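Here is a short briefing on one structure. Keep the sequence and the 3D view open while you read.

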Amino acid sequence: MSAVVFARHAMTPAERLRDAGWVAFVGLILGIPLVGLTTVDVGGRLGVETRFGLLAAAVAAVFAGRLLLRWAIDQARNRKQERDRASTATAADRAHGAQRVVNVLGWVALGASIALPIVFSDNRYVVDTATTVLIYVMLGWGLNVVVGLAGLLDLGYVAFYAVGAYSYALLSTQFGWSFWEALPVSGALAASFGILLGYPILRLRGDYLAIVTLGFGEIIRIILVNWTEFSNGPNGISSIPRPSFFGLDFTRSAPEGGQTFAGFFGLEFSPMHRLIFLYYLILVLALLTHAFVSRLRKLPVGRAWEALREDEIACQAMGMNTTNIKLSAFAIGAMLGGFAGVFFAARQGFISPESFTFTESAIILAIVVLGGMGSQMGVVLAATLLVLIPEFGRNFAEYRMLLFGLAMVLIMVWRPGGLLSHREPTVHLNASGKTAATKEAAR
Amino acid sequence: MAYALQQLINGLTLGAMYGLIAIGYTMVYGIIGMINFAHGDIFMVSAFIAVTAFTILAAADVTSIPLALTFVLIVSIFFTSAYGWAVERTAYRPLRGSTRLAPLISAIGMSIFLQNSVQLTQGARVKPIPPVLEGGIVLWEAPGFTVQIGWSQMLIIVTTVILMSAFTWMITQTPFGRQQRACEQDRTMAALLGVNVDRTISYTFMLGAALAAVAGVMVTVYYGVVDFFIGFLAGIKAFTAAVLGGIGSLPGAMLGGLLIGLIESFWAAYLWAEYKDVATFGILCLVLMLRPSGLLGRPEVEKV
């Protein structure tokens, strides 16, 4: 071997084959009971069906995949080593460059999202899907405060979403409150639920918190299903009033003493007006959320969240009240989830406990994790991907959760920080000896 | 009175199963300090393996029940341990020494992945098997109500007692048990003294999965139906049991399992059956608030 090999542990082809063969063998063992054999209903009884062809194909795929993966990892490592040798740029510089790209992308995305309903003003499907994406973006930003900034794993985020949605639904159908009156009340209600749940639990370690929030999410759903007098049970609440544009309704004919949107502006009535209005509404809500969260990050409380995420014991040693800091993150996250829930109820006009299952919590968590915990742009990217991928291929939809799960594992193993995340120290020492705050730049 | 006695029997059966699953949580927590979120789904996989094995036996006209049960147990334990090993190897080992949140999220991903892969490969429908063990012993003929302990319930309780004794012996007396406890106390020190830490952790996962596999077979025998979603609730309840007993403590897990099983069946019998899951979660919150170290656990001191 005369060629210069950069990898320290270059594997021989035989070693590669043996490695892949071993992985394929494990795949075979794991595959036999689930892929190779299956039980099917044969005339009221179960019968066994074998799928050894599929199993063989799967094992072959695992073998090839392992070979390829191993090779790709080695290649990537070599290239990285070479690059590190050649360039003098530090990791911080590179992160800075990447951040500039992300910033530009953010402005492009903002422009595109404002222009979208104008370009597609007669395409109901596009506007509807974009609205869904924005709901998830907003939920992701809300959860990002809890998971990404404060480092508290919340697996029952959908509970606060449900609290928001049901409070708007009940306030509007039972007491005739309008969207704008109910919005702050519902948000406050969700936040108080967050405090109520968080206060006893937040003193505990992070992984307990995960399970308790998961349990809380399920409790809320079980109550909504079973307490029929309150929530109408599994049938849900229907004919929830839609939001109006400063008192102007989006209906064909004006209600008594009122005016329709189309009538006021002298436009011809079109059902698209409402969709576009809803789209801009959620866009504004999401942008407000973004501005709010970005501001908070620069305040002492935001700094405290991130400090807490990095090292709780150090925070306690510095005299910070960790319970209150966690509680504030939890309450603010819950409030943002509640706002998103109000919008969801107003947009759908119908809600039922079906919409608030653990799967939904897992999807929102996946958005935050995949995007890079703490990264606002990452959430947008992940939400867009996760909503659009199943839209593009309907056959693909049943694999969606499978891929979510797989992606969560792979991303954690590959980049525990997420796709677009840099955990830079807030203050670091420059070569010239001056200290510079790089945190803002790095986000 | 008769009714309460029947609930006691049902509760003990349920509790024995929760206890078996809870040991998997508590052991893993003890050794690497993380909640193995996918453990409930490992249990679910084992139930599916048991259904397949029972169906194969039925097709092969095996009528001897002890033979069938032994075969199903061995098959299920073998494959489920393989799953436990593979989950640890792929999703948790690369993350050792990472942040606290990373392995937890990867575990949730693993749980979602397992659930959906079973749904895709085995179908979303409920799988029923014909009853394996029918009948039982009538304990008490009260007027209007008969207290009965089913053969399957007896099987579950007896198996659990035997397994627990064997398991306690293994942890306290064998070299593997010593290594396991050493890793639990101080992984670095154990490694310095020549304990293969990675292998011990792998064995711990396999052992936990094997116990979950026994629980999976028992559930299949007892209820006769499985679906891909059973792992979620069973996992949460077993975790509650582990926390209630004091996470990291093996007798605690068993005790917690029994308590949760009893509370659940009495709650369902005398209060509101539809809110029995709420009761479990409520207990979890109460225990964490009032006594975070559980009934038999030691308070945890985190050092810098």
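B:Ile247 counts as buried because 28 C-beta neighbours lie inside 10 Å of its own. The cut-offs are these: a residue is buried if 20 or more other C-beta atoms lie within 10 Å of its own, exposed if 12 or fewer, and partly exposed in between, with C-beta atoms placed from the backbone. This is a predicted model, in which local features need pLDDT of at least 70, side-chain atom pairs count only at pLDDT 80 or more, and totals for chains, interfaces and linings use all residues. Residues are numbered from 1 along each chain as its sequence is written, while chains are lettered from A and ligands numbered from 1 in the order in which they are written.

**Around B:Ile247**

- B:Ile247 sits in the loop between H9 and H10 of chain B. Helices (H or I, at least four residues) and strands (E, at least two) are DSSP runs, numbered from the N terminus.
- Leaving out residues up to four places away in sequence, B:Ile247 touches B:Thr26, B:Tyr29, B:Ala242, B:Gly294 and B:Gly297. Contact means that the C-beta atoms of two residues, placed from the backbone, lie within 7 Å.
- B:Met27 is 220 residues from B:Ile247 in sequence, yet their C-alpha atoms are 8.4 Å apart in space.

**Helix H10 of chain B**

- H10(B) covers residues 250–270. Its 21 residues should span 30 Å at 1.5 Å a residue, and its end C-alpha atoms are 30 Å apart, so the two agree. The expected span is 1.5 Å times one less than the number of residues.
- 15 of the 21 residues of H10(B) are buried, so the helix is largely enclosed by the rest of the structure.

**H2 against H3 in chain B**

- The axes of H2(B) and H3(B) come within 9 Å and cross at roughly 145°. Axes are lines fitted to C-alpha atoms, for helices over the stretch in contact, and angles run from 0 to 180 degrees between N-to-C directions.
- Residues that meet here include B:Ile42 and B:Phe54 in H2(B), and B:Phe71 and B:Tyr83 in H3(B).

**Where chain B meets chain A**

- 50 residues of chain B are in contact with 43 residues of chain A.
- H4(B) gives the most to the side of chain B that touches chain A, with 16 residues.

**Chain A**

- Chain A has 17 helices and 4 strands.
- Of its 443 residues, 40% count as buried.
- Among contacts in chain A between residues at least 6 apart in sequence, 74% join residues at least 24 apart.
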